Amino acid sequence: WNAKLPPFRWTWGKLFERAYSYANKLKELGVAEGDVCAIMFRHHKEFYPLYLAVIALGALPSVIHYPNPRLHPDKFRQGLQGMARRSGLDWIITEQELESILHPLLYDQENTIRGVLFPLAGGNNLPADGTFHIVHPPTTPDSPCFLQHSSGTTGLQKAVVISNRAVLQHAYEVNKLILLTNEDKVVSWLPLYHDMGLICVFYLSLTCGVPIVQIDPFEWVAIPSLFMEAISREKGTLAFLTNFAYNFMADRIREEDLKSIRLDSVRMLISGGERVRADSHDKFYRRFSRYGLKREALAAIYGCAEATGAIAITPPG
């Protein structure tokens, strides 16, 4: 979803066609099985097939946060440099406008980065005949699926390798705990470098076939009513949120932005990622109950970041 454009919708077929098209392109550029690929994009529809393209090659994707106006370029580069020296990054896959910031990394003898790739530059047309020649390398349940970095709140960002088994088991457990059905649809503004955004939203969709509606985090901060609009128009049923979002939306969304908004479809809003506060839930419910939000939809989740995203969760209802 974008604030000023109609929503773009991926079907499974088109998503995987585009993923294999990108996989061919990345293979030509040198990406190979086992390579670690940092993926750094703003809110962009092409992120999803690019991520899957890396997996299709048997490489390891690692989602890295995109620099923002509040972060000085030198500070951003230093953080990425530290990560590159400790995580064994092979490639950075990103947008061309970051070239000047990232170029000095290629001359840093202490890191393992082999190149910065701009797959969206010069177009990304699919092969004319619709045939693809990517064969996914053999894999096992314990093969690595992706590389996740800790937030770095209490020190240097640490890289954690997550296996296929861990991802599938987690998705299975969350699926079972929240009683997921074919009627569910997740609405999220969470960034995909964040554990909750990547695992509880993106991977839950990939493994369980549940549609997701993804909103740009920066657009949501500027226009918090986008979240409500997406739920209302798309009939969203699930969302994972951080505690501050409950207060933020209750305080910042104006009444005039809620015309024709209905939240009756929501069956679970799941708070996690930081301390969950009852007064935040109460405030949120008082503000939005008149639009159909049900009290029993407010839930909480407790996790340990890169270890597991759901040690405990409120049962539905």
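User: What do buried and exposed mean here?
Analyst: Relative accessible area decides, using a 1.4 Å probe and protein chains only. Over 50% is exposed, and partly exposed lies in between. Buried means under 20%.

User: Is S143 buried or exposed?
Analyst: The model is predicted, so local features need pLDDT of at least 70, side-chain atom pairs count only at pLDDT 80 or more, and totals for chains, interfaces and linings use all residues. Residues are numbered from 1 along each chain as its sequence is written, and side-chain values use heavy atoms, without hydrogens and water. Because its relative accessibility is 17%, S143 counts as buried.

User: Leaving aside neighbours within four places in sequence, which residues does S143 contact?
Analyst: S143 sits in the loop between β4 (115-117) and β5 (144-149); strands are DSSP E runs of at least two residues, and helices are H or I runs of at least four, numbered from the N terminus. Contact means heavy atoms within 4.5 Å. With those neighbours set aside, the partners are S163 and N164.

User: Which residues touch the most other members of the largest nonpolar core?
Analyst: A nonpolar core joins buried Ala, Val, Leu, Ile, Met, Phe, Trp, Tyr and Cys residues through side-chain atoms within 4.5 Å. The largest has 48 residues. Elements giving it two or more residues include α9 and α10. The residues with the most such contacts are I178, F227, M228, M249, L269, F284 and F288.

User: Which residues does F288 touch, not counting those up to four places away in sequence?
Analyst: F288 belongs to the largest nonpolar core. Its partners are M228, M249, A250, I253, L258, L263 and L293.
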